[in-house]
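Visitor: I would like to go through this model with you, strand by strand and then space by space. Could we begin as soon as it is on display?

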Amino acid sequence: MKVADIFSSAKATGAQPISFEMFPPKGELTLEHAREVAEQFQDLHPDFVSVTYSAGGSGNSGATAKIASMLTHDFDIASVAHLTCISLTHDELQRKIDEMRQAGVENVLALRGDLPQGTNASDAARAEYPYAKDLIPALVDAGFCVGAAAYPEGHITCENLELSVEHLKQKQDAGASFFVTQLFFDNECFFRFREMADRAGITVPITAGIMPFMSKQQISRMVFMCGASLPSPVIKLLAKYEDNPDALREAGIEYACRQLEGLRDAGADGLHIYTMNRPSVARAAIEALRK
């Protein structure tokens, strides 16, 4: 099923699609392990599950379409295959399109992806597909339902939030039919971003992406990689449970659930949980949202 249709059906009934992301760290997610995760996801009835495509198109990239196909055909879960463009040539893109078609993939999340090691911004600008907006038309022409990323606090390489919203509009104009946001820890950031997107003429659904923090190391990595800010309540939790990793994980999941509840109550278009392949995270989020 196409994700755009999922959002349309949900809007007609006043519902909010709930989705998960399978996030293969360093390309280590095997098809067998993905099947185990998918079996537990199936019991939670997500509206769709997205499957990441590793940085630079390496690692798990060959498994992305296979896992997306497995989700749809073996577990009857709508799936979204991520695809990064920064390293793609025209011929490689066509091979990826053929691979996804053969796997029965209907939905693709178009992303720029991380710059390959040793590549600077000027090198990237000379790529055949330098930005996600350049990739989207080819995927739409190939018949896919295409989504793209949104950045509630602005992309880490972007000068200001207004410019990030302008880039979002360019992705919509290129054919994106839904957006999934990068993680954030302060719902007010999302609400401000949503207002700016509305004023800029963004009309397609923007689903809010939430990732629980599981350790101090993880949250530090997120901040430096994504540019997400840490609100005071998160900093206080990190300080409180600095010497108690188990309690910190519990607090991180509980904090994410409260974020999701707030976004639900405020009428977000959809709710996307970065599960880190932990069904326990997905289950906690679903229980919080559906209780």
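Visitor: Which residue of β2 is the bridge partner of M22?
Guide: This is a predicted model, in which local features need pLDDT of at least 70 and side-chain atom pairs count only at pLDDT 80 or more, while totals for chains, interfaces and linings use all residues. Residues are numbered from 1 along each chain as its sequence is written, and side-chain values use heavy atoms, with hydrogens and water left out. Strand β1 (residues 18–22) pairs with β2 in the parallel sense over 4 bridges, where strands (E, at least two residues) and helices (H or I, at least four) are DSSP runs numbered from the N terminus, and two strands pair if DSSP finds at least two bridges between them. Within β2, the bridge partner of M22 is V51.

Visitor: And in β3, which residue is the bridge partner of V49?
Guide: β2 and β3 run parallel and are joined by 3 bridges. In β3, the partner of V49 is S79.

Visitor: Which residues of β2 point the opposite way from V49 and V51?
Guide: In a regular strand the side chains alternate between the two faces of the sheet. V49 and V51 point one way from β2, and both are buried, a term for under 20% relative accessible area, with exposed meaning over 50% and partly exposed in between (1.4 Å probe, protein chains only). Pointing the other way, and also buried, are F48 and S50.

Visitor: Which strands each supply at least two residues of the lining of the largest cavity?
Guide: A cavity is, on a 1 Å grid over the protein atoms alone, a set of points where a 1.4 Å probe fits but cannot get out, whereas a pocket is an open set with protein on both sides within 12 Å along at least five of seven lines, and lining residues have an atom within 4 Å of a point. The structure holds 2 cavities of 30 Å³ or more, and the largest has a volume of about 40 Å³, a volume being the space filled by probe spheres set on grid points joined across faces, edges and corners. Its lining includes F48, S50, V80, H82, F178 and V180. The strands in question are β2 (48–51), β3 (79–84) and β6 (178–181).

Visitor: Which residues do ring pairs link into a cluster?
Guide: Rings of Phe, Tyr and Trp (its six-membered ring) pair if their centres lie within 6.5 Å, and a search of the whole structure finds 8 aromatic pairs. F48 and F178 both line the largest cavity. The cluster consists of F7, F48 and F178.

Visitor: Which helix gives the largest share of the lining of the second largest pocket?
Guide: The second largest pocket has a volume of about 280 Å³. Of its 16 lining residues, the closest to its centre are F7, K11, T203, P205 and D269. The largest share, 5 residues, comes from helix α1 (residues 3–13).

Visitor: Is P205 buried or exposed?
Guide: P205 is placed in the loop between α8 (187–199) and β7 (206–210). Leaving out residues up to four places away in sequence, P205 touches F7, S177, F178, F179 and D269, contact meaning heavy atoms within 4.5 Å. Because its relative accessibility is 19%, P205 counts as buried.

How values were computed. Phe/Tyr/Trp six-rings, centres within 6.5 Å; stacked < 30°, edge-to-face > 60°.
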